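The sequence and structure are shown below.

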Amino acid sequence: MAEKPRFLEACRLRPADRTPIWIMRQAGRYLPEYREIRKDHGLLEICRSPELACEVALQPLRRFDLDAAILFSDLLIPVEALGIPFEIVEERGPVLERPIRDQDAVRALKVPADLERIDFVFETIRLIRGAVASPPFTGRRVPVIGFAGAPFTIASYLIEGGPTREFRETKLMMYRQPELFGDLMLLLADLIVACVEAQVAAGAEAIQIFDSWAGSLSPSDYRRHVLAPTRRVFDECSSCRVPLIHFGTNTGTLLDLMAGAGGDVLSVDWRIPLGDVRRRHPGRGVQGNLDPAALLAPPDVLDRMVDEVLAEAGPEPGHVFNLGHGILPETPIENVSFLVEAVHQKTRRV
């Protein structure tokens with residue numbers, strides 16, 4: 001059994017025999033076996049069933065030589081610990097019946113959070129951790145990644161009531177009720193820290209913090225309203241002693257601020273060259289940053305784009321190969337196999 005998983009070694013800037021690769025949303029609709037499960041089970045039903053969620057998390061590992069498993073869940077699951085119900089609408093995403101937009105709504109949140117309400121998340125991690133330590137995975141030593149949303153991303157879902165492109169209500173609260181927005185952000189920061197600590201206690205060996213919607217902000221708004229609570233999350237979670245990955249998309253103007261907020265590894269999309277991240281933030285790992293659409297390209301084009309990502313990342317330790325965002329549902333299985341094999345073959349080291 002390999003004693004030092006290459007994914008964890010890369011996160012800690014240590015040399016690995018190959019560049020590790022995992023794929024955001026690696027368990028998803030591009031897999032026929034996942035689609036079979038979804039015929040009979042809704043997304044939230046899977047998330048709330050540890051056995052189903054574990055099975056889904058293992059599906060891509062059976063097909064591809066991926067270097068990490070990741071918890072199968074939803075970013076909004078933790079808010080159930082605050083007493084906030086939501087549902088997932090097909091083709092739209094998480095939706096709240098009652099958005100959080102005023103002081104009464106914030107005061108009504110259950111504080112401190114009742115993590116027993118979401119114990120299924122931690123049980124899922126325990127099951128995945130046990131499964132990857134058993135055949136047929138024993139020779140691969142696959143670490144388990146847990147995750148949580150960052151304060152701003154979760155807050156935007158709660159305030160908007162669902163996914164959005166404008167973030168109108170979120171920004172209105174920021175500008176018109178900055179103290180209330182700050183209270184909500186700190187409350188969510190504490191929730192995220194508690195969830196991360198519980199995930200690590202359950203067996204997660206790395207954590208990715210998704211600030212998926214931070215790219216909607218100007219640098220001044222991020223600095224004024226988001227930096228401090230996000231930094232609080234990373235500062236508090238550092239005591240867990242597992243690698244912390246800070247993910248954002250469309251955040252080129254926020255890279256330095258997000259780096260200042262924290263994270264052992266900075267995960268960026270295809271809009272930011274990995275070489276720029278390396279130069280501006282030495283001492284951090286980098287993750288990414290292939291455009292998910294590249295997996296729809298012909299093999300020769302995909303191969304060239306893999307070479308470009310690897311060249312930008314450079315030969316120094318600390319690169320985790322990934323996409324800049326989640327894999328597209330229409331991605332061909334054979335292209336995923338090609339990608340994983342190409343990354344491992346091109347970066348094989350003695």
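**Helices H4 and H6**

Helix H4 and helix H6 cross in a right-handed manner; a crossing is right-handed if the near helix is turned clockwise from the far one by less than a right angle, and left-handed if anticlockwise. Helices (H or I, at least four residues) and strands (E, at least two) are DSSP runs, numbered from the N terminus. The model is a predicted one, in which local features need pLDDT of at least 70 and side-chain atom pairs count only at pLDDT 80 or more, while totals for chains, interfaces and linings use all residues. Residues are numbered from 1 along each chain as its sequence is written, and side-chain values use heavy atoms, with hydrogens and water left out.

The axes of H4 and H6 (residues 119-132) approach within 8 Å and cross at roughly 45 degrees; axes are lines fitted to C-alpha atoms, for helices over the stretch in contact, and angles run from 0 to 180 degrees between N-to-C directions. H4 and H6 are therefore oblique to each other, given that angles under 35 degrees count as roughly parallel, over 145 as roughly antiparallel, 65 to 115 as roughly perpendicular and the rest as oblique. From H4, Pro50, Glu51, Ala53, Cys54, Ala57, Leu58 and Leu61 meet Phe120, Glu123, Thr124, Leu127, Ile128, Ala131 and Val132 of H6, contact meaning heavy atoms within 4.5 Å.

**Helices H2 and H4**

Helix H2 (residues 32-40) and H4 (residues 50-63) have axes that come within 9 Å and cross at roughly 160 degrees. That angle makes H2 roughly antiparallel to H4. The contact involves Pro32, Glu33, Tyr34 and Ile37 of H2, together with Leu52, Glu55, Val56, Gln59 and Arg63 of H4.

**Asp269**

Asp269 is located in the loop between strand E7 (265-267) and helix H12 (274-280). A polar atom of the Asp269 side chain lies 2.6 Å from the backbone nitrogen of Asn250. Leaving aside neighbours within four places in sequence, Asp269 is in contact with Gly248, Thr249, Asn250, Asn289 and Gly324.

**Leu82**

Leu82 occupies the loop between strand E1 (69-70) and strand E2 (87-89). Its relative accessibility of 3% places Leu82 among buried residues. Not counting residues up to four places away in sequence, Leu82 touches Leu109, Lys110, Ala113, Leu187, Leu188 and Leu191.

Key:
Polar contact = N/O pair within 3.5 Å; in protein donor to acceptor, adjacent residues only side chain to side chain. Buried < 20%, exposed > 50% of the residue type's maximum accessible area, 1.4 Å probe, protein only.
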